[in-house]
Amino acid sequence: MAPANPLVLVGPMGAGKTSIGRRVAKALGVTFIDTDAVVQREHGPIEQIFETQGEATFRSWERAAIQDALGHGVAVVSLGGGAVLDADTRADLATCHVVMLTVDPRVVAGRIQGTARPLLSGEDPLERWRRIWRERRPLYESVADITIDTSTGPLQHVVDEIVSWARPRTESSDPRDTGKEES
């Protein structure tokens with residue numbers, strides 16, 4: 001059985017939101033929506049959007065993709081790392097089951113190496129990632145119901161933990177009823 005409200009994955013780039021989200025959705029038997037993939041499908045590569053249209057345009061298109069994804073009800077939704085910068089998105093997440101995925105900077109270095117992530121260009125990518133993480137962490141924490149680290153162990157263990165946490169929430173229409181948890 002799947003959550004009655006959307007199950008949303010938030011966290012920094014490289015935490016595994018897309019990989020984990022796909023597997024969680026499959027385990028729960030629900031649709032998986034990656035809002036970054038939606039924006040890319042509709043508007044082209046994110047790095048190209050940043051370069052030609054600017055970050056503000058990307059954020060506007062991202063916001064529309066998030067609103068649409070959260071409107072699907074029962075689904076697993078992976079948000080881009082910067083989605084929580086939008087106050088309306090944070091407000092919308094109050095009706096969702098939100099999992100914050102974290103990752104150790106030493107581990108993320110291998111995950112982001114050689115990627116075309118526009119916010120990591122122009123300087124040492126790991127140092128830039130650390131700065132973005134410090135800036136956004138309070139926002140992730142403000143919307144999260146549970147925090148799970150993805151730095152160690154098989155990916156399937158993280159998936160199993162999220163699925164176990166999400167299933168009981170099918171009985172509650174209010175995702176905040178169970179309080180915050182840390183894993």
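Here is a short chat about helix packing and a cavity in this predicted model.

Reader: Before we start, what kind of model is this, and how are residues numbered?
Author: It's a predicted model: local features need pLDDT of at least 70, side-chain atom pairs count only at pLDDT 80 or more, and totals for chains, interfaces and linings use all residues. Residues are numbered from 1 along each chain as its sequence is written, and side-chain values use heavy atoms, with hydrogens and water left out.

Reader: OK, how do H1 and H8 pack?
Author: Helix H1 (residues 17-28) and helix H8 (residues 155-166) pack at an angle of about 50°, their axes 9 Å apart. Helices here are DSSP runs (H or I, at least four residues) numbered from the N terminus, and axes are lines fitted to C-alpha atoms over the stretch in contact, with angles from 0 to 180 degrees between N-to-C directions.

Reader: Which residues of H1 and H8 meet?
Author: From H1, Ser-19, Ile-20, Arg-23, Val-24, Ala-27 and Leu-28 meet Leu-155, Gln-156, Val-158, Val-159, Ile-162, Val-163 and Ala-166 of H8. Contact means heavy atoms within 4.5 Å.

Reader: And what about H2 and H4?
Author: Helix H2 (residues 35-43) packs on helix H4 (residues 55-70) at about 120°, with axes 9 Å apart. Thr-35, Asp-36, Val-38, Val-39 and His-43 in H2 meet H4 residues including Phe-58, Trp-61 and Glu-62.

Reader: Switching topic, how many cavities are there?
Author: One cavity of 30 Å³ or more. On a 1 Å grid over the protein atoms alone, a cavity is a set of points where a 1.4 Å probe fits but cannot get out, and lining residues have an atom within 4 Å of a point. Volume is the space filled by probe spheres set on the points, which are joined across faces, edges and corners.

Reader: What lines the largest cavity?
Author: Pro-12, Met-13, Gly-81, Trp-129, Ile-132, Trp-133, Arg-136 and Tyr-140.

Note on methods:
1 Å grid on protein atoms, 1.4 Å probe; cavity = no way out; pocket = protein on both sides within 12 Å on 5 of 7 lines; lining within 4 Å. Helix = DSSP H or I, 4+ residues; strand = E, 2+ residues; numbered from the N terminus.
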